[in-house]
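Start with the whole fold, then follow two residues into it. Keep the model open as you read.

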Amino acid sequence: MSTTSHLLDQIGALASRPLETAEAMPPGVYHDPGIAALEQERIFRRDWQCAGRAESIPNKGDWFSWQIADQPVLVVRDSKGAVRAHANVCRHRMTRLMEGQGNCRRIVCPYHAWTYDIDGRLVATKHMERSQGFDASGIALVPVRCEVWHGWIYLTLDPDARPVADLLAPLGEIVADYHMEDYVEVLRQDHLWDTNWKLLTENFMEGYHLPVTHRKTVGAYFPAEETEFGPQQHEAFTYQLFQKTTDAPIGTAHADNTRLKGRWRTTSVMPTVFPSHMYVLAPDHLWYLSLQPRGIGQVAIRYGVAFAPERLAAANDRERLIKDATDFLWDVNLEDRGVVESLFAGTASPLAQAGPLSWLEKENHDFTAWLARRLTA
C-alpha cells in the first residue's frame, strides 16, 4: 500500500469516530505529495472558493486579481454593474493580463496590446489584418463561474458545481440578521506564509488555542466555556458561536445597530466554508482569510477587514478607528502565523504523533470528515 493510500485510510477511519474519541489527523497528511495532488484535483479545481468582498469593487471597471489552483483569475465590475470573473490570460499568446487591483476602462495585454472591454470582449488588436479568417468579434476572455453570496465573491472552475446559494442556505439563516452584505471593507491584503493550508484552516476554526496563543489580544475577551457549535454536520461548511465580553475593544454591537437583539449583540459567528474560506462575523465588524496552497509548505492568504456601516458612520475619527482595529487584528494574525509555521515544522519531525481532540476542536473533526469525503470518494 502506498503512503498516500495509507494516509487516506487513516483519514477515513478518524472521520468515522465520534468527537469524544477523535484524534487529530496524522502528520503525513500535511506533507505527502500524493495528498497535495489529490487536493488540487478534487478540491481546489472543483469547489467554490472566496476571492474577496463585492463592496471592494463598487464601481464599473473596478477589478482585482486572484488565483484558483493554477488558474489566474480577474474579477471585475462590468458595464452593467455586475461582478464577473474571467481567466486572467490573453486569448493571443496566453500572457497574464493584470496583477493587483485598480480601475480600468479597458483590459490591455502587456505583451502585444490586445485589448478587451470590462465585459471581456476583444475590442482592439494591431497588425492582425493579414491573418486569414481572423474575427475579433468572436473572441473574448474565457469566463470563470462567479457568484455573489451575502457580499462574498465565490469562484469555481467547475461548470457543474451546485450554486453557492444552495450549498450555503443553512448558513444564510444563521447569519441573516447581521446583514454582512452591507459591511464595508476597509482593508484587503495578500500574504504568503510558510505552512500547509490545512494547518492554518484548522487553527482558525478552533477556539481551544485562543486563551493561550492570543492571551494578549482576543483571548483576553473570549470565555471559552460559552462556545457553541452547530447541531449537525453540513456538506459545505462548519461554524461556531462565541461571546465577547462587553469590555472587548471590538466585537460587540454599536448602539445604532437595531438588527441584533439580546445576546446576539455580543455574539460572533465563525464559519469555515470548505475548503478554505473562514471569517469572524461580529456585530460591528468582520475579518476573513481565504487560502490557496502554493505547494505543500506555503499558503497564499487573502486577508480582509470590514466594518458594519453604523459603526463607521458613528466614528468621530474614522481613520483612527480603522487603524486601531486593523492593527489589533493583524497582531492576532501574527500570533497565528508563529503557531502555524511552528506546526508545519513540528509535523515534519520524525517522532511527531497526533493526539486526542478537545471538545473545542469539534470543527477540526468536521474538517477531517469533509476531507475524507472529498479525497476518498
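A residue counts as buried under 20% relative accessible area, as exposed over 50%, and as partly exposed in between, with a 1.4 Å probe and protein chains only. The model is predicted, so local features need pLDDT of at least 70 and side-chain atom pairs count only at pLDDT 80 or more, while totals for chains, interfaces and linings use all residues. Residues are numbered from 1 along each chain as its sequence is written, and side-chain values use heavy atoms, with hydrogens and water left out.

Take the overall build. The protein has 9 helices and 17 strands; these are DSSP runs numbered from the N terminus, helices being H or I of at least four residues and strands E of at least two. The radius of gyration is 22 Å, close to the 21 Å of the globule rule for 377 residues, so the protein is as compact as a globular protein of that length. That radius is taken over C-alpha atoms, and the rule is 2.2 Å times the number of residues to the power 0.38. Along the principal axes, the C-alpha trace spans about 70 × 65 × 35 Å.

Now the packing. Buried residues account for 53% of the 377. A contact means heavy atoms within 4.5 Å. Of the contacts between residues at least 6 apart in sequence, 65% join residues at least 24 apart.

Turn to D366. It sits in helix α9, residues 362-376. Is D366 buried or exposed? D366 is buried, with a relative accessible area of 5%. Leaving out residues up to four places away in sequence, D366 touches Q233, T238 and F274. Y239 is 127 residues from D366 in sequence, yet their C-alpha atoms are 9.7 Å apart in space. Within the helix, the D366 side chain makes a polar contact of 2.8 Å with the side chain of K362. A polar contact is a pair of N or O atoms within 3.5 Å; within protein, one must be able to donate a hydrogen and the other to accept it, and residues adjacent in sequence count only if both atoms are side-chain atoms.

The second residue is N257. It lies in the loop between β13 (237-243) and β14 (267-273). N257 is buried too, at a relative accessible area of 2%. Which partners does the N257 side chain reach? One is the backbone nitrogen of R259, at 2.8 Å. Another is the side chain of E310, in a polar contact of 3.4 Å. Beyond neighbours within four places in sequence, N257 is in contact with R265, P283 and E310.
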